[in-house]
Amino acid sequence: MSKKGEKRDGSNEMESAEKFSSLESLIKQMATDQAKQMNLLNQNFERVNYEVLSMKDTLTENNDMVRGNTDQIIKVTKVVEDLEQELAVERKKREKGFDMLYMNMKTSVEEQKHYIKNQTEELSNNILTKIQNHIAVIEDNRNEWTKECDGKLEDIDQRINRIELRELPSVQGGGAMDLCNIKCRVRFVDTQKQNPIEFLKEFERKYKSLSDKIKIEIFEQHLDGRGMAWFQLVIDKIKTFDELKQKFINYFWDDVEQGKAVELLQTGRFDVSDARKADEYAMIVYQMCKNVDKFPISETKMLQLIAKHFGNTFTQAVVVQGIQNFEIFLKVLNGFPLETIHRECRRSEYKPFNERTSNPRYQQNGNQQYSRHKPQWLPSDNAEGAKGSKNE
């Protein structure tokens, strides 16, 4: 028993010794590994420490650089602030200069406005005073002229009434008086001699109390030439005097004839060599053109166009005074310097043929270098008043 016990104790000691030896080996191994790790940690620490020092140096350099840049930025900022102050001072000077210039210009403009206004008012007052004085003179002359015309018209009416008293009984009594022997005060030949509308007005005024039949028979005795030829063509188709009058107007006062009247109104010129006076010429043109109904023209425009027949100076006087009445127009025309009218009419009358273009007022004459064409439809001078042309 004792031997078995000793044997068992010996095996236990051997196992313990092996375990201790294994434990010692493990401890050595662990110590070795720990030493290696310590060495590795020391190496890493050294490397990290080196990098930290490098970063510290880099940060120091960066701080120095930033500090230098900050100084430059401060300097630049200072320069910019100085420039802004200088610009502000210069801007104030310029603004002050502009304000002074603006005030000077404004003052000058106001002075000019005031001066122009005063001059305009003074000129307007002078013109208005002259126009009012001229209108007063024209009104006085018109009243005298109206009275004179009324007296002449009254005298003419009395003469016509006396003639009608002698002629009407024999005419209305059944033809005892030969109508062919009636002395016609007005005879119509064609539109080259007189205006058809004025002829009708005078005829109707003279024979307004007669019947249509007698007026038609008498109407024939007031016609000659082209007028008589036309009457012979239409007499069989006429039943009333109104019908005769309308056909007469349609034939002798159509668009073509009225167009001629308008053409003369726009392009005509007073002929200083004519025996007519300026006011007589104006009345003829006015009487002709006032009956134009195909191409209506206002009274003011018509007077201005007639004024052009007597030159630019007279036209300006008519336009400035704003004349709208023919009676006033005649008074102004009669009071206008005749020398000015003649001078301007002659100046426009005699022009080289190549400068007249297609103006119908002018035509070339074989005996003269320059001559003036007289509108055909203007009434011709009567035998007593005609004096012939004068050498200009």
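Please keep in mind that the model is predicted.

Let's begin with the rings. How many aromatic pairs does the structure hold? The count is 22. I will show two of them.

A quick reminder before that. A pair of aromatic rings is described by the distance of the centres and the angle of the planes.

Take phenylalanine 203 and phenylalanine 241. Their centres are 5.7 Å apart, with 20° between the planes. This pair is stacked, because planes under 30 degrees apart count that way.

Now the second pair, phenylalanine 219 and phenylalanine 248. Here the centres lie 5.5 Å apart and the planes stand at 90°, so this pair is edge-to-face. Again, distant parts of the chain are linked. Phenylalanine 219 is in helix 3, residues 212–221. Phenylalanine 248 is in helix 5, 29 residues away. Phenylalanine 219 has a relative accessible area of 0%, so it is buried. Phenylalanine 248 is also at 0%, and buried.

Next, helix 4 and helix 5. Helix 4 covers residues 225–234. Its axis comes within 12 Å of the axis of helix 5, and the two cross at roughly 125°. The helices are therefore oblique to each other. Their crossing is right-handed. Which residues make the contact? From helix 4 come Arg226, Gly227, Trp230 and Phe231. From helix 5 come Leu244, Lys247, Phe248, Tyr251 and Phe252. Six of the contact residues are nonpolar, one is polar and two are charged. Notice Phe248: this contact residue is also in the edge-to-face pair.

Last stop: helix 8, residues 299–308, and helix 9, residues 312–321. Their axes come within 7 Å and cross at roughly 160°. That makes helix 8 roughly antiparallel to helix 9. This crossing is right-handed. On the helix 8 side, we find Leu303, Gln304, Ala307 and Lys308. They meet Phe314, Thr315, Val318 and Val319 of helix 9. By class, that gives five nonpolar, two polar and one charged.

Note on methods
Residues numbered from 1 in each chain as written. Predicted model: local features only at pLDDT ≥ 70, side-chain atom pairs only at ≥ 80, totals over all residues. Heavy atoms only, no water. Axes fitted to C-alpha atoms, helices over the stretch in contact; angles between N-to-C directions. Helix = DSSP H or I, 4+ residues; strand = E, 2+ residues; numbered from the N terminus. Parallel < 35°, antiparallel > 145°, perpendicular 65-115°, else oblique. Left-handed = near helix turned anticlockwise from the far one by under 90°. Contact = heavy atoms within 4.5 Å. Nonpolar A, V, L, I, M, F, W, Y, C, P; charged D, E, K, R; others polar. Phe/Tyr/Trp six-rings, centres within 6.5 Å; stacked < 30°, edge-to-face > 60°. Buried < 20%, exposed > 50% of the residue type's maximum accessible area, 1.4 Å probe, protein only.
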